[in-house]
Amino acid sequence: MKIVIIGGTGLIGRPLGALLEAKGHQVVVASPSRGIDALTGEGLDHAMADASVVIDVSNAPSFEDAAALAFFRGTTTNLLEAARNAGVRHFIALSVVGTDRLQASGYFRAKLVQEQLIAAGGVPYTIVRATQFFEFLPTIADGYTREGAVHVPTIAFQPIAAADVSALLAEIATSSPVAGIVEVAGPERAPLAEFAANWLGAHDDPRLIHVTADGNYFGAPADDRTLVPDVGARLVPTRFETWLETQTQERAA
Ligand SMILES: NC(=O)c1ccc[n+]([C@@H]2O[C@H](COP(=O)([O-])OP(=O)(O)OC[C@H]3O[C@@H](n4cnc5c(N)ncnc54)[C@H](OP(=O)(O)O)[C@@H]3O)[C@@H](O)[C@H]2O)c1
């Protein structure tokens, strides 16, 4: 079947497209660099013609509050209209575990607007909320860095390999819409500070870790419940240590 991947050139979209093509599907890689822009609408109707499934794994170029809201509101409105016109049978979007608990952050307010538009959008849908990608840890470490040290909270964290997210989305693309949220997380839960320290160690990063008592995640209050999924979430296989070893081997090769 024809499957359109919005953000098909990104971290999740690229391997997702390869997996779906390997299963014999016709994949349209949709992104501005391919002449398809979900914000301006350029190329959308043509991309969606005769499509059965749309998977939105795009991300806002800026995480600044107003820019993120304009992006997720604008793109999702355009995508839903094009999907309705094309008779799309399943609209899938990637969101973040804890989005509803992080509403002090403008980015997560924008993600919640995206989810609400989809739920009310008149196209059968599945929202997949994933925990933070292992690949996002350097951004997290940089975000908590002050004067050469990483001041990171101990809040519970259960990150996931991006490749596992792509594999789950490929499975959901050929399943029935759930008309709700599916949560997915990695196999291990530990303090965020521990994951950050292990990432720095594996990369010979000289920054010291300072564990802080005040829980916050990119400016939003956060505790041991904020970033981890509910009971019943899908847990994927790749362990953080295994992923780190693979990364180290790839850098050495
Ligand atoms: N980072 C995390 O830990 C995490 C965790 C859970 C969920 N998520 C969610 O995962 C999603 C993907 O995030 P990511 O960091 O993996 O993305 P990414 O690698 O930065 O890729 C972003 C993609 O969006 C495309 N894009 C940008 N503007 C667009 C537009 N106007 N129209 C269509 N496509 C556009 C880009 O296309 P070009 O290549 O052409 O620029 C690119 O393909 C986000 O919705 C995010 O909220 C992230």
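This report describes the largest pocket of a predicted model and the ligand in that pocket.

## Basis of the model

The model is predicted: local features need pLDDT of at least 70, side-chain atom pairs count only at pLDDT 80 or more, and totals for chains, interfaces and linings use all residues. Residues are numbered from 1 along each chain as its sequence is written, and side-chain values use heavy atoms, with hydrogens and water left out.

## The largest pocket

The largest pocket holds about 950 Å³ of space. A pocket here is an open set of points on a 1 Å grid over the protein atoms alone, where a 1.4 Å probe fits and protein lies on both sides within 12 Å along at least five of seven lines; lining residues have an atom within 4 Å of a point. The volume is the space filled by probe spheres set on the points, which are joined across faces, edges and corners.

The lining has 41 residues, and Ser58, Asn59, Ala60, Phe63 and Tyr107 lie nearest the centre of the pocket. Two or more lining residues come from each of α3 (65-86), β4 (90-96) and α4 (106-119); helices (H or I, at least four residues) and strands (E, at least two) are DSSP runs, numbered from the N terminus.

## The ligand

The ligand takes the space of the largest pocket (more than half of its atoms lie within 2 Å of the grid points). Around the ligand are 26 residues, the closest being Thr9, Ser33, Asp37, Tyr107 and Lys111 (a heavy atom within 4 Å counts). β4 gives the largest share of this shell, 3 residues.

Oxygen atoms of the ligand lie 2.6 Å from a side-chain N or O atom of Thr9, 2.9 Å from a backbone N or O atom of Phe133 and 3.2 Å from a backbone N or O atom of Asn59.

Terms used:
A polar contact is a pair of N or O atoms within 3.5 Å; within protein, one must be able to donate a hydrogen and the other to accept it, and residues adjacent in sequence count only if both atoms are side-chain atoms.
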